[in-house]
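Please walk through this model step by step, with the sequence and the 3D view side by side.

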Amino acid sequence: MTDVTTAPSPTAAPRHPDSHPADPSPAPSRLRAVLASDWVGTLLVVFAWHAVLIAVAVLFQGSMPVGEGYPVKILGADPSLLSHTFRWDSENYLNITHGAYNDPATPWTPAFYPFFPFCLWLVQTVTFGKVGFLAAGMFVNFVASWLAAWALLRIARHFVAGEQAAWLVVAAFLTAPTAFFMHAFYTEAVFCALGFWAYSFALRRQWVLMGLVLMPLTATRITAVLFIGLCFLEFWRAKDWRLRGLLSWHLLWFPAAFAGFAAYAVLLKIMTGDALGMFHAYDTVKTWAYHVANPNFVGTFGKEVSISWDALLTGKPNTWQLLSHLLPVVGLVVLFASSVYTFVALRKDGIPLALFGLASFVMFTFNSNVVSVHRYLLPCVVIYVAMVLASQRHRPLRPALQIWMYATTLVQAAIYLLFVAGNWAG
């Protein structure tokens, strides 16, 4: 299936030789072509999405009690237009721009990768410090979430038929339960933008661009390895799964993709003396003690299912049970089902996405818990593609997709309000 939908060029109506030159219908103007382009369409959609989130926060944040995730010392007691974006881990990203890696009082900060703080620093430096950190974060996240939506639209056209279906994939992404983290002072928007564009370039066999995008991705989050694997599988698929097809210099882009991670390791070695501080940081915080590497991911998932079921049986599960057990378990089930369906529906062409989803399932349950997994699921493009693909191929599933997106929108709204109020949201 081609990845670019080209509209048929309009055919000019025949005119009499003596007719006036202004009689024929004018060709589409360049402005109209620009307005109909993907980058403008996704820009407008994402702008509207961010505007709605800002409006909701402004409407409700003044009437909700403040939770522990609200950094009063940094933001002050009175909320501002963008202060709702700054909660929980946002403080760590801000501190990194001020040299927190080198501060012995914050030994946990190496757990937070530097590319998003670098983007913040870059925006503030270019504007000579005239833009505050909240505005800089909003600018970075707006651009990144727009780029993510644009790349996802390009990806969708490889797997679903028709423009409406491709845009539905984008809609499923923006209505995901934790999509609002792309609006917050977090790394989600930047990570999704880089990961989606890397995969989009791989689908178009633009290996050089893919490799260049993968490099900063590995300096954004450790889960970048999942997108490296996805792009490698797509590279192999392009060679028709032949081992001889891997004998190409483009294969070198995959080890080169770890340059971002290597640069971060060098930075930590210089600043802290520990090149692997991003892993050792978890041992410095008592509240992170639940992070214990455990290859028995099946056992971890089974334990979480049991905890979630017990919470449901009480009839009144608390916020922690809902957000740190039940919602992640539901998300993992959806991820697994989406991965299996993608393979069944697309056969060998669906192998990269299917294995990407299954590898994500394993990696997200490797630490003996599923806390925040519902947030980590946001970049899992296989979920959005599989849902729309299934609704196209099975007519009874079309209303089910609409119901699902309506439900996830409500869940996103509820979690977002918890986040704005400073409560735990993942």
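Start at G99. This glycine follows helix α4, and its phi is positive, near 90 degrees. Keep in mind that the model is predicted.

Now step back into α4 itself. The helix spans residues 90–97. Is α4 enclosed or open to the outside? Of its 8 residues, 6 are buried, so the helix is largely enclosed by the rest of the structure. Buried here means under 20% relative accessible area. The buried residues are S90, N92, Y93, L94, I96 and T97. What do they pack against? Their partners are α3 (72–75), α5 (115–126) and α6 (133–156).

S339 sits in α15, which covers residues 319–346. Is S339 buried or exposed? Its relative accessibility is 1%, so S339 counts as buried. Which residues does S339 touch, beyond neighbours within four places in sequence? They are A354, G357, L358 and V382.

The largest nonpolar core holds 125 residues. Within this core, F173, M182, F196, M210, L214, L332 and V381 touch the most other members. Take F196 from that group. Residues up to four places away in sequence are again left out. F196 then touches A148, A151, L152, I155, F173, F227, P379 and V381.

Now zoom out to the whole chain. The protein has 19 helices and 0 strands. Buried residues make up 49% of its 426 residues. How far apart in sequence are the residues that meet? Count contacts between residues at least 6 apart. Of these, 73% join residues at least 24 apart.

What about overall dimensions? Along the principal axes, the C-alpha atoms fill a box of roughly 85 × 55 × 50 Å. The radius of gyration is 23 Å. A compact globule of 426 residues would have a value near 22 Å, which agrees.

The accessible surface comes to about 20600 Å². Carbon and sulfur atoms account for 69% of that surface. The protein carries 25 positive and 18 negative charges.

Key
Residues numbered from 1 in each chain as written. Predicted model: local features only at pLDDT ≥ 70, side-chain atom pairs only at ≥ 80, totals over all residues. Heavy atoms only, no water. Core = buried A, V, L, I, M, F, W, Y, C linked by side-chain atoms within 4.5 Å. Buried < 20%, exposed > 50% of the residue type's maximum accessible area, 1.4 Å probe, protein only. Contact = heavy atoms within 4.5 Å. Helix = DSSP H or I, 4+ residues; strand = E, 2+ residues; numbered from the N terminus. Rg over C-alpha atoms; globule rule 2.2 N^0.38 Å. Areas by Shrake-Rupley, 256 points an atom, 1.4 Å probe, with all protein chains shown as cover. Lys, Arg positive; Asp, Glu negative; His and termini not counted. Charge placed at Lys NZ, Arg CZ, Asp CG, Glu CD.
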